[in-house]
Amino acid sequence: MPAPPPETPESSRSVAPGPDGALAFTVDGRELGVPIGPVVEIVTHRGATPVPHARPAVEGIMALRGRIITVVDVRRGLGLPPRRPGSAAQVIVIESAGDHLGLVVDSVTRVVGQPGEVTVLNLDALLKEIS
Amino acid sequence: MPDDPTERPEKERSGRDFVAEAEEILDALTDDLRELETAFSAGRPHHELINAVFREVHSLKGFAGLLGFPQIASLSHALEDLLSRLRLGGALDGTVLDLLHDTLDALLGAVRDLRPGAGVLRDLGPLRDRLRRAASSSGVPEGVGLEGLDLPGSIRAALTEHEERRLRALRAQGRRLSLVRVRPHPQSLEKHLQEVARRIAEAGELISTVPVVGEEEVTAIAFDLLVASPRPLLAADLPEEIVVRIREIDTPRAAAAPTGGTPPAGAPPGDASASAAQGVEGFEDLAASSSPLLRVPVRRLDDVLVQVADLSIAVATLERGVRALRERHTDDRLARDLGLQVVGVLKRLRSLQRSAIEARLVPLEQVFRKVGRMVARAARTSRKEVELHTLGAHTEIDKSVMDALTPPLMHLVANALDHGIESPEERERASKPRRGRVVLSAFRKGASVVIDVIDDGRGIGLEGVRGAAEARGLVGPGHEMTSEEAHEMIFRPGFSTAAMVSDVSGRGVGMDVVRRSIKALKGTIVVRSVEGQGTTLTVTVPISLAMVPAIIVRSRGQRFAIPLASIRENVRLDAARVRVKDGGEIFERPEGPLPLLRLDRLLGQAASAASAMTSDGGRYAVVAGGEKRTVGIVVDGFVGRREVVVKPIGRFLLGEIEWFLTGARSVPEPDRVLATVMFTDIVGSTERATELGDAAAVLVLDPEALIAGGGNAGATS
């Protein structure tokens with residue numbers, strides 16, 4: 001069974017889902033969430049252009065609706081084993097202070113209304129991790 | 001509803017409208033004032049120019065009054081007063097011209113202050129008082145009376161105060177006065193009236209155009225034109241098909257003596273109606289100013305462009321799918337037809353993209369005008385005599401490129417004035433014309449615009465540059481400097497020679513800043529200079545950042561874009577002529593050894609550094625860099641030339657790039673960040689996205705940053 005999740009950026013203590021709830025998704029068989037507020041859209045993962053010298057969690061960049069989105073692999077960010085090549089994945093696009101970030105997850109499952117139903121990623125910690 | 005919440009935005013909107021409108025008027029005013037100055041100094045007639053300036057100031061006043069900008073309205077009004085004195089024959093001289101320029105500058109400043117976020121409104125009071133004093137002291141020759149003039153009462157009543165004064169003044173000058181009855185065709189009324197006005201302007205002066213009321217049948221439209229001319233007006237002077245008759249209404253008076261300031265007896269009968277007519281003039285001007293142009297916020301055009309680019313990526317994906325389908329079902333007619341359809345859609349999409357790009361193009365005229373204003377001001381305040389020539393002002397460029405280009409261009413021209421052009425005395429000693437020349441020329445070259453800033457000044461002094469470089473420890477003592485080196489040197493940060501420190505500007509001369517802003521536009525700047533003869537700075541920028549010409553290269557299966565402007569040449573490497581020296585590779589070629597850097601290593605793509613390049617032939621190199629350090633960047637192949645859309649990469653990846661370039665994870669300096677943004681800019685879409693396959697996002701590389709960063713990141717490690 002899956003190993004216990006690492007300390008950061010995943011954190012169940014610091015961020016509870018806001019009144020708007022969280023978007024739940026799965027990675028490597030476990031369910032996690034992101035605050036739903038900054039989520040812009042969810043798209044199918046079609047690969048990303050690698051960026052030289054980027055942090056390991058950064059898969060690369062992709063163009064979406066004329067914008068450039070920094071794509072972060074949540075598995076890599078959490079130190080989980082990589083996805084099987086060819087398996088489907090989705091990208092949760094979130095906006096942070098005008099820039100766009102895409103989180104690669106195995107699949108988006110549901111919207112959670114109640115706090116505590118799912119472990120929510122600390123986005124601030126995640127951002128610190130990649131930049 | 002005094003507390004209507006929509007009132008504020010409404011007011012802000014009208015403010016924006018006013019600023020846009022006023023800037024347009026002031027631009028035209030700038031041009032006409034410049035022409036007026038030229039005509040005046042050349043002793044050419046300039047009455048029409050004064051009229052043009054007057055009309056522009058008048059509509060500015062109308063706008064300012066209507067949209068609620070009393071300060072500007074009142075200054076325009078005072079200026080209009082002074083101009084109307086000039087129209088009536090008041091003396092134009094250098095002082096008045098200076099005052100006109102000052103007022104124009106103040107109006108420009110005042111309008112700028114209205115932009116959101118600008119500072120406090122300046123006080124225009126003192127200038128207004130100067131205008132009033134000038135207007136009251138400007139001697140207007142007193143006109144003569146109108147007695148003995150065969151002028152029908154209805155026409156006389158229709159004359160405005162100005163027209164009547166003009167009539168008196170022209171009569172006093174002994175001009176022939178005629179009434180011309182024209183009957184323009186109702187369908188081409190405007191055109192006919194313009195044509196007749198133009199012809200009259202060649203023969204004399206049109207004082208007034210008065211519609212004929214009551215005399216003709218109801219259906220016909222006729223006008224009486226009151227014309228003053230130095231010789232009797234002939235039918236041949238006018239377009240005969242619409243002229244009904246020409247009637248002279250006055251025999252010239254033998255050098256009519258001024259009547260000594262005696263006001264004409266009794267108030268002119270037309271006065272009341274004339275001033276009433278003037279009251280609504282502002283509205284008429286507004287109606288007349290409706291043009292076939294539509295003002296659109298740039299933001300909306302940006303959106304269109306973004307959506308078109310996005311659509312072209314989607315269609316390119318579709319095209320790829322259809323192509324795969326056709327390959328699988330070669331005999332299927334449906335698949336073939338579908339393929340043709342998609343190709344047709346792509347073609348139309350490309351033309352739509354071109355239109356979206358073109359919608360954002362504006363003529364360079366606006367920048368040239370600003371530069372012209374600056375040159376005129378600088379020439380008036382310095383002891384220098386300079387004339388500015390502009391060529392190709394109609395050349396079009398993207399609005400955002402133009403906006404970003406304006407400051408560096410102003411800087412270059414200011415430099416040419418301050419450091420290039422010598423004082424009149426110095427020029428005479430060098431047997432040059434006293435008056436210096438600055439030429440600003442622009443032309444389109446493919447997807448780029450080339451702008452030359454040429455001056456015939458003293459040029460870049462090799463000795464001066466060498467001395468300054470030595471003093472700063474940039475070169476060793478006694479270093480033999482080539483002119484290329486010297487020209488490169490002036491772009492170094494903080495570099496300025498004693499000879500270049502301006503007595504006018506006092507700026508430390510930021511040629512490095514200029515180059516950086518131009519590079520941020522994916523452009524280049526090249527300097528050519530002959531000591532004693534002048535300097536030419538050539539700025540090349542893409543017409544639009546939506547289509548930067550670039551070479552797409554391949555490295556380890558990944559595609560990268562390199563802006564064409566930063567590439568000197570492309571070479572094919574011959575493995576036999578590549579040798580290893582000091583841990584680096586050198587390509588021996590007839591014109592000299594070319595140091596090589598391998599792109600895959602620069603980008604950290606290389607699996608192992610052991611794979612010697614010499615083992616796999618058929619590689620290519622992109623030659624880039626400055627005069628001093630030219631380097632070949634080794635790539636696996638060229639995909640081709642494309643026009644690419646450039647997007648900023650976003651802040652998340654900046655830190656990585658910073659580390660790559662400097663070898664340290666420091667707080668990014670603003671300067672470096674600028675360079676890094678360039679390195680990491682992204683191609684969002686390309687003209688032929690299909691050929692780039694899935695990778696719709698491609699990194700744009702800045703070879704100079706790569707070369708500079710190569711040492712830090714250890715390209716040879």
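Leaving aside its neighbours within four places in sequence, which residues is B:Val413 in contact with? Good morning. The structure under discussion is a predicted model.

The residues in contact with B:Val413 are B:Val371, B:Met374, B:Val375, B:Val438, B:Leu440 and B:Val453, once neighbours within four places in sequence are set aside. B:Val413 belongs to the largest nonpolar core, which has 118 residues. It is one of those with the most contacts inside this core, together with A:Ile61, A:Ile92, A:Leu103, B:Ala550 and B:Ile633. Helix α13 of chain B, residues 399–420, supplies the largest share of the core, namely eight residues. There is also a second, separate core of 33 residues, and B:Phe18, B:Leu49, B:Val57 and B:Ala110 are among them. As a general point, nonpolar side chains in soluble globular proteins tend to be buried together.

Chain A contains two helices and nine strands. Along its sequence the order is β-β-β-β-β-α-β-β-β-β-α. Of the 131 residues in chain A, 41% are buried. Chain B has 717 residues, of which 36% count as buried, and its elements are 21 helices and 22 strands. If we consider contacts between residues at least 6 apart in sequence, 73% of those in chain B join residues at least 24 apart. The corresponding figure for chain A is 63%.

I turn next to the packing of helices. Two packed helices are described by the angle between their axes and the distance between the axes.

How do α12(B) and α13(B) cross, and at what angle? Helix α12 of chain B, residues 365–381, and α13(B) have axes that come within 10 Å and cross at roughly 30°. Angles under 35 degrees count as roughly parallel, so α12(B) is roughly parallel to α13(B). The crossing is right-handed. On the side of α12(B), the contact is made by B:Gln366, B:Val367, B:Lys370, B:Val371, B:Met374, B:Val375 and B:Ala378. From α13(B) come B:Met402, B:Leu405, B:Thr406, B:Leu409, B:Met410, B:Val413, B:Ala414 and B:Leu417. The contact involves B:Ala404, B:Pro407, B:Pro408, B:His411 and B:Leu412 of α13(B), which meet B:Val514, B:Ser517 and B:Ile518 of α17(B). Here the division is six nonpolar, two polar and no charged.

The axes of helix α3, residues 70–87, and α5(B) come within 9 Å and cross at roughly 20°. The two helices are therefore roughly parallel to each other, and α3(B) passes α5(B) in a left-handed crossing. Residues of this contact include B:Ala78 and B:Leu82 of α3(B), and B:Leu131 and B:Ala134 of α5(B). The contact holds eight nonpolar, one polar and four charged residues.

Is B:Ala134 buried or exposed? B:Ala134 is buried, because 21 other C-beta atoms lie within 10 Å, and 20 or more are required. B:Ala134 sits in helix α5, residues 125–137. Not counting residues up to four places away in sequence, B:Ala134 touches B:Leu82, B:Val96 and B:Leu99. B:Leu99 is 35 residues from B:Ala134 along the chain, with 8.7 Å between their C-alpha atoms.

Finally, a word on the backbone. Most residues other than glycine have a negative phi. A:Asp28, however, has a positive phi, near 50°. A:Asp28 is placed in the loop between β1 (22–27) and β2 (30–35) of chain A, and is partly exposed, with 17 other C-beta atoms within 10 Å. In chain B, the phi of B:Ser431 is likewise positive and near 50°. B:Ser431 lies in the loop between α14 (424–429) and β8 (436–445). With 6 other C-beta atoms within 10 Å, B:Ser431 is exposed.

Thank you for your attention.

Conventions: Residues are numbered from 1 along each chain as its sequence is written. Chains are lettered from A and ligands numbered from 1 in the order in which they are written. This is a predicted model: local features need pLDDT of at least 70, side-chain atom pairs count only at pLDDT 80 or more; totals for chains, interfaces and linings use all residues. A nonpolar core is a set of buried Ala, Val, Leu, Ile, Met, Phe, Trp, Tyr and Cys residues joined through C-beta atoms within 7 Å. A residue is buried if 20 or more other C-beta atoms lie within 10 Å of its own, exposed if 12 or fewer, and partly exposed in between; C-beta atoms are placed from the backbone. Helices (H or I, at least four residues) and strands (E, at least two) are DSSP runs, numbered from the N terminus. Two residues are in contact if their C-beta atoms, placed from the backbone, lie within 7 Å. Axes are lines fitted to C-alpha atoms, for helices over the stretch in contact, and angles run from 0 to 180 degrees between N-to-C directions. Angles under 35 degrees count as roughly parallel, over 145 as roughly antiparallel, 65 to 115 as roughly perpendicular and the rest as oblique. A crossing is left-handed if the near helix is turned anticlockwise from the far one by less than a right angle, and right-handed if clockwise. Ala, Val, Leu, Ile, Met, Phe, Trp, Tyr, Cys and Pro count as nonpolar, Asp, Glu, Lys and Arg as charged, and the others, Gly among them, as polar.
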